[in-house]
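Subject: Structure for your review

Dear colleague,

Please find below the structure that I am handing over to you.

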Amino acid sequence: MEKGLALPQDCRDFAHSLRMRSKYALFLAFVVVVFVFIEKENKIISRVSDKLKQIPQSLADANSTDPALVLAENGSLLSLSELDPAFSQLQSRLHNLSMQLGLEPAAGGALQPARRRHVLLMATTRTGSSFVGEFFNQQGNIFYLFEPLWHIERTVSFEQGGASAAGSALVYRDVLKQLFLCDLYVLEHFISPLPEDHLTQNMFRRGSSRSLCEDPVCTPFVKKVFEKYRCKNRRCGPLNVTLAAEACRRKEHMALKAVRIRQLEFLQPLAEDPRLDLRVIQLVRDPRAVLASRMVAFAGKYETWKKWLAESEDRLREEEVQRLRANCESIRLSAELGLRQPAWLRGRYLLVRYEDVARRPLQKAREMYRFAGIPLTPQVEDWIQKNTQAAQDGSGIYSTQKNSSEQFEKWRFSIPFKLAQVVQVACGPTMRLFGYKLAHDAASLTNRSVSLLEERGTFWVT
């Protein structure tokens, strides 16, 4: 084309139209790519469309198309000058949505995981995990769940050991991942009876999770609806899983207590998932104290042990000893793996002894929060001060209110020495790893001046 030769008006209009359509096409492509990314990475939009009758408002707003973004009043495409502000408006809306979904834009503009922490309190029964779990339950910016995997154990049958044990660990892990992503609907498949319209009155120990008993999750109380695990300090209607999931997404962090996750190595995919920032706190306790507590809390499961003690037989049934040894070995192997700090677990694992928490609760709470990367609030400190220096409340064996410094060695005066001997033989390697000393006779077992606990520093290796 010669310099200075003017194009006909029709050609200029056509070129302008092509430029506008190209930019508009790029604009639509951006919208599609971003929403596909969010749907793929969080599985929220697809789950909501498949499972919900009531779509959360934030997602509904983001999926809706504002007419002002597409068409002018006369039905024609927006001009380029109007398209730029519309593009910025949509970017702002997507940014707000990404923050709600736990994502934030990186420096280059791509979406990446936010600094949301996911804390797993990994323990076994009667190790003080309910008490330690309250350290996270009492903080307002943490969404805390108490033993949600209980529902899976009650619904899916697994045999002890072998492939069945591995299968159960995989199921627990996959459910755990969805819960950390605030997909609470995954629990509905395991709650009996099945929830209707995402409403259930059978959420296990709902009252042990402040997040499930505060507004707006606590809906108005409904008469004639019985909840076995209702909220402690207020009356709420049946749990609305949709509202609970939304509340989970609004909280800055999430913590979960589980006594059914035994093998630490099964958590590697969660530690490597870019959507999660996992922190594992493994809580352990002297196995002699654990057995003494279980024989009280789960008396029916220990009839063989009680009969052996009462009849003064020389030997306990070998299968009982093997079960005890296997439990201790499972805990020891996970702890050894965590303390070795493989690359996938580096900076993500902390071992805590219950005895240390009981003696120095505030110090250990600060240590756990520092490890998790979450600031400890005065609210939690106040709770610890009030609930670790008081007489035990009326909740019995499940109480989280106690004079912790006096309670942690109480087991020494209730367990027969020959029972302690069995535990020491079966769990010797585990006790040595965690710094629990052997009692050599009945006198040393009940003598408070003889410590059965080695002084250890932090078990957290960076």
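This is a predicted model: local features need pLDDT of at least 70, side-chain atom pairs count only at pLDDT 80 or more; totals for chains, interfaces and linings use all residues.

The average pLDDT of the chain is 79, and 68% of the residues score at least 70. Residues 1-5 have a pLDDT below 50, and this stretch makes 1 contact in the model beyond near neighbours in sequence. The pLDDT also stays under 50 over residues 20-88, where the model has 85 contacts beyond four places in sequence.

The sheet is open and consists of 5 strands in the order E4-E7-E3-E8-E9, with parallel pairing. Which strands stand at the edges? They are E4 (142-146) and E9 (349-353); each has a single partner strand, so one side of each is left without a neighbour in the sheet. From one strand to the next, the twist averages 20 degrees.

Within this sheet, strand E3 (residues 118-122) runs parallel to strand E7 (residues 253-258), and 5 bridges join the two. Leu-121 stands opposite Lys-257 in E7.

Two helices may be examined next. Helix H5 (residues 129-137) packs on the sheet and touches E3, E4, E7 and strand E8 (278-284). The direction of H5 makes about 160 degrees with that of E4. Helix H12 (residues 318-340) also packs on the sheet, where it touches E3, E8 and E9. The direction of H12 makes about 130 degrees with that of E9.

Yours sincerely

Definitions and conventions. Residues are numbered from 1 along each chain as its sequence is written. Side-chain values use heavy atoms; hydrogens and water are left out. Two strands pair if DSSP finds at least two bridges between them. Helices (H or I, at least four residues) and strands (E, at least two) are DSSP runs, numbered from the N terminus. Axes are lines fitted to C-alpha atoms, for helices over the stretch in contact, and angles run from 0 to 180 degrees between N-to-C directions. Contact means heavy atoms within 4.5 Å. pLDDT is the predictor's confidence in each residue, from 0 to 100.
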